[in-house]
Structures are given as C-alpha cells and as structure tokens.
Amino acid sequence: MTLTHSTVDDIRAASRQLVRELGFMGGTFAGTDLPPSAVHALIEIQARDGISARDLGGLLRLEKSSVSRMLRKLVVAGDILEKPDAEDARIRKLSLSAAGRKRVAAIHAFARAQVARALEKLPAEHRRTVLDGLRLYADALAAKPDSPSAAPHAEIVAGYRPGLVARVTEMHALYYAREAGFGRRFETVVAGSLASFCERLDTPMNAIWTALQDKRIVGSVAIDGEDLGPGISHLRWFIVDDDVRGTGTGRRLLETALDFSDKRNFAETHLWTFAGLHAARRLYEENGFILAEERHGDQWGKEMLEQRFVRRRR
C-alpha cells in the first residue's frame with residue numbers, strides 16, 4: 001500500500017481513539033485511581049524485580065524528577081518497597097509489596113477483561129490481525145532510524161529441523177547457568193528429554209516450534225500431549241535467545257503453542273518452572289496461566305522452589 005497523507009491521518013485518528021478508549025485522557029485507568037505512568041511503573045517493577053529508579057525512568061521515558069515524585073507516592077501508598085543496592089547505596093532497588101502485588105493482579109484482571117470484551121466483538125479470524133498489526137506498529141514506533149531493529153523478524157516454524165536438539169539445549173544451558181547457577185545435570189536432563197520427545201513428534205498431539213532469524217534458531221517451545229495424561233498438554237522447552245529478548249518473539253512462540261493446545265481440545269495446559277523468573281511469570285499470567293502448586297525440589301541439579309502453572313482452555 002502506498003503511504004499517503006490519508007493513510008497517515010487515518011492511523012493518527014485511530015491512535016487517538018485508542019488512547020481515549022483505554023482511559024489515558026482521564027478518569028479511572030486500568031480500574032485504579034492511579035495515573036497511567038504509575039500503573040505502567042507497577043507492572044514493570046513486577047516484571048523486573050529489583051529494577052533501579054533510573055532504569056525504570058529510562059524504560060518509561062520519564063524525567064528523573066517525575067519518576068521520583070511518582071515512586072514516592074507509591075511508597076507512601078504501600079505499593080512498592082525500596083532498598084539500597086548492595087554495591088552502591090546511592091542506588092535504590094524497587095520491588096512490589098504484598099499490597100502492590102495484589103494491586104497489579106487486579107490491574108491485569110481488569111485489562112484482560114477489557115481486551116477480551118473488545119475481541120469478542122470481532123470475528124475469530126480478525127483477532128490475529130489486530131494482534132499482528134499492533135505489534136508491527138508498536139515496533140515501528142519504537143525503532144530508531146539507525147537502530148538494529150531492522151534485523152530480520154523471527155519466523156516461527158513448526159517441526160523438527162537439523163541441529164534443533166543441540167541448539168535448544170545450548171540456549172537453556174547458557175541462560176540458566178547465568179540466571180540460576182545450573183550446570184551439567186540440568187544440561188544433560190534438557191538434552192536427554194528433548195531428544196526423547198523428538199522421537200515422538202509423529203504423534204499428532206505433540207509439536208515443537210522454533211523461531212528462526214537468518215536461518216538460525218533463536219527460540220523454541222513445544223507441546224507434549226502424552227506425558228501428563230488424557231486431556232492435559234505439557235508446555236516444554238520454552239526459551240528465547242538473548243539477542244531477541246524483548247522483541248515479542250517469546251510471546252509469539254507461547255501463543256502459537258497455546259493455540260495448538262486449544263485446537264487439539266486439551267482441557268488444560270501445564271508447565272513447570274521455578275520462583276524468581278518474574279518476566280516469564282508475567283507472560284504466563286497474561287496468557288491465562290495461574291500458579292497451582294509450589295514445592296521444593298532438585299530435579300534440575302540445585303534445590304529450587306519449583307512452580308506448576310495451569311491454564312484451562314478458553
């Protein structure tokens with residue numbers, strides 16, 4: 001489509017309407033009495049537990065003085081906690097209080113319901129169009145003319161491909177060695193279980209997807225429809241490479257897997273993870289997962305608080 005003034009103005013008009021409908025112009029926002037900047041701050045603090053005020057300001061594109069005033073109000077309200085950084089006491093680390101976590105859970109519930117009501121008014125085939133269009137437009141707005149954002153968009157591809165077991169294992173091993181201190185046992189468990197699963201890919205209830213960028217695997221996810229019993233799918237080997245974190249690749253992988261699970265009529269989808277992976281947990285909860293079980297275990301070679309999340313078919 002040729003870019004014309006009419007197209008640009010139509011997009012601007014739609015953007016203004018979107019801002020109004022979501023409540024940015026006044027009144028209650030996300031079901032709270034907070035301004036939009038504070039709501040966004042709480043959500044980002046949940047996703048990035050321990051973030052500094054400076055980094056939060058950069059993320060939200062707010063001036064230092066504006067961030068300081070906003071955070072002071074949230075501290076006084078009891079929603080966030082501050083503590084000095086262990087290495088530099090001048091830096092304050094931010095986290096949610098119990099009240100803050102409760103407030104953010106309510107914000108997510110309100111927003112999910114708001115989006116769901118709108119999508120229910122659209123034919124099913126148009127919902128993916130809305131999602132893809134918003135992502136593309138948001139990415140284009142965020143991209144700087146000379147930024148690396150022009151890198152190829154990761155393509156989601158179904159099925160086994162040569163090198164999959166080695167590459168997916170490598171991504172897991174490197175990420176979890178850094179984030180959780182996992183070592184040889186974890187890597188061998190991932191490699192062995194993934195190799196065994198690939199032998200079962202001919203079963204229609206099993207599937208695996210990879211994200212490809214320049215023909216290189218930069219992400220993966222799988223649905224195992226056999227190992228947890230009838231009616232339950234198991235979401236496994238969900239990982240994205242450091243180079244594509246924050247690009248929406250992980251979200252697209254997860255939604256692809258959940259769409260497969262729903263179309264195969266699984267009543268529930270389960271996944272196992274462990275406490276402390278805040279960004280991942282946020283993504284799971286945004287897609288309908290709820291925490292169903294916690295227990296201490298050492299199946300990955302180190303004792304962790306393991307968590308089982310469950311999502312029921314929509």
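Start with the nonpolar surface patch. It covers about 660 Å² and is made by Leu 18, Val 19, Leu 22, Phe 24, Met 25, Leu 122, Val 130 and Leu 134. Patch residues have over 30% relative accessible area and no salt bridge, and nonpolar side chains are joined within 5 Å, like charges within 9 Å. Areas come from the Shrake-Rupley method with a 1.4 Å probe. Helix H1 (5-21) and helix H6 (124-142) each give two or more residues to this patch. Helices here are DSSP runs of at least four residues, strands of at least two, numbered from the N terminus.

This is a predicted model: local features need pLDDT of at least 70, side-chain atom pairs need 80 or more, and totals for chains, interfaces and linings use all residues. Numbering starts from 1 along each chain, and side-chain values use heavy atoms, without hydrogens or water.

Take Leu 22. It sits in the loop between H1 and helix H2 (36-47). Leu 22 counts as partly exposed because its relative accessibility is 33%. The cut-offs: buried is under 20%, exposed is over 50%, partly exposed is in between.

Now the inside. The largest nonpolar core has 24 residues, and Tyr 176, Phe 182 and Phe 274 touch the most other members. A core is a set of buried Ala, Val, Leu, Ile, Met, Phe, Trp, Tyr and Cys residues joined through side-chain atoms within 4.5 Å. H7 supplies the largest share, 6 residues. Phe 274 touches residues including Tyr 176, Phe 182, Trp 300 and Met 304. Contact means heavy atoms within 4.5 Å.

Stay on H7, residues 164-180, for Arg 167. Is Arg 167 buried or exposed? Buried, because its relative accessible area is 11%. Arg 167 touches Arg 216, Ile 217, Val 218 and Asp 241, leaving aside residues up to four places away in sequence.

Last, charges. The count is 24 salt bridges. The rule is a side-chain nitrogen of Lys or Arg within 4 Å of a carboxyl oxygen of Asp or Glu. Arg 311 and Asp 262 pair at 2.9 Å, N to O. Arg 311 is in strand S10 and Asp 262 in helix H9, so this pair ties together parts 49 residues apart in sequence. Arg 311 is buried, at 3%. Glu 268 bridges to Arg 312, with the closest N and O atoms 3.5 Å apart. Glu 268 lies in strand S8 and Arg 312 in S10, so parts 44 residues apart in sequence are tied together. One network of salt bridges links Glu 44, Arg 48, Arg 251, Arg 282 and Glu 286.

Key. Buried < 20%, exposed > 50% of the residue type's maximum accessible area, 1.4 Å probe, protein only.
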